[in-house]
Amino acid sequence: MVQMLISAAAHRANFLSVNYTTAYFLCIAAFIFALICSANVKSTFNKYNRVGSRRGINAAEVARRILDRNGLYNVQVVRISGNLTDNFNPKTNIVSLSESVYDSTSLAAIGVAAHECGHAVQHAQGYVPIKVRSAVFPLAQIGSSMYFIVFILGLIFSFEPLVDAGIILFLFVVVFQLVTLPVEFNASRRAMQTISSEGILEQDELYGARRTLTAAAMTYVASLAVSFTQLLRLLAARNRR
């Protein structure tokens, strides 16, 4: 059955006239798009990280307020090193805010902190896409580290099942990144709603926080584009053989 699915996908790529050269240039275009998105999120964060909120509440206090508002008193807020390394770990119930965010009262920092708390709320409320992402994550990790070796060995030894296995492994990476999109966009939407309803930022300040979160979300779109075009390249390589 899996073999049939891969064959069907490969023939589909061929039907769409996505040959190896075309797929290769699509990969380059997606990679350039990803670089632009990465540069944009950094410049947007830096821009609005220089604009302080009028209420003067720092990001750590915002995170604590949002968590308590949702009854998540057991979730800790801690400082970690790095820049834009902010995350929520559901295993430890810790929202980690980077050094550039933790003490900052800027529009960008508040947006980032609220976003990570959005993930904590998602886990607490059993948000389905985040459950799916958590389930796919181990497979995506294995796929990311193993797909290329398996695929290349399949090509070297002209062993089609091994080639298909490499494609399947990489498919888990694509699925993980696809499921990540609604998770990230939903967390940002929750963040903006909470910031507004709790009066953490004034109405004219919401724009800066929203711009920061939108720029960050586009990096996930770019990652999916890179992975999808890489999948096309693998299918095109299989077709060419």
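Trainee: How many salt bridges does the count come to?

Mentor: The count comes to 9 salt bridges. Keep in mind that this is a predicted model.

Trainee: What makes R54 and D204 a salt bridge?

Mentor: Their side chains meet at 2.6 Å, N to O. The cut-off is 4 Å between a side-chain nitrogen of Lys or Arg and a carboxyl oxygen of Asp or Glu, so the pair qualifies. R54 sits in the loop between α2 and α3, and D204 in the loop between α7 and α8, 150 residues apart. R54 and D204 also belong to a network of salt bridges with E202 and E205.

Trainee: Why is D204 called exposed?

Mentor: The relative accessible area of D204 is 51%. Exposed means over 50%, so the word applies.

Trainee: Which salt bridge does E184 form, and is E184 buried or exposed?

Mentor: E184 meets R133 in a salt bridge, at 3.3 Å, N to O. R133 lies in helix α6 and E184 in helix α7, so the pair ties together parts that are 51 residues apart in sequence. Buried means under 20%. E184 has 5% relative accessibility, so E184 counts as buried. R133, at 17%, counts as buried too.

Notes: Residues are numbered from 1 along each chain as its sequence is written. This is a predicted model: local features need pLDDT of at least 70, side-chain atom pairs count only at pLDDT 80 or more; totals for chains, interfaces and linings use all residues. Side-chain values use heavy atoms; hydrogens and water are left out. Helices (H or I, at least four residues) and strands (E, at least two) are DSSP runs, numbered from the N terminus. Buried means under 20% relative accessible area, exposed over 50%, partly exposed in between (1.4 Å probe, protein chains only).
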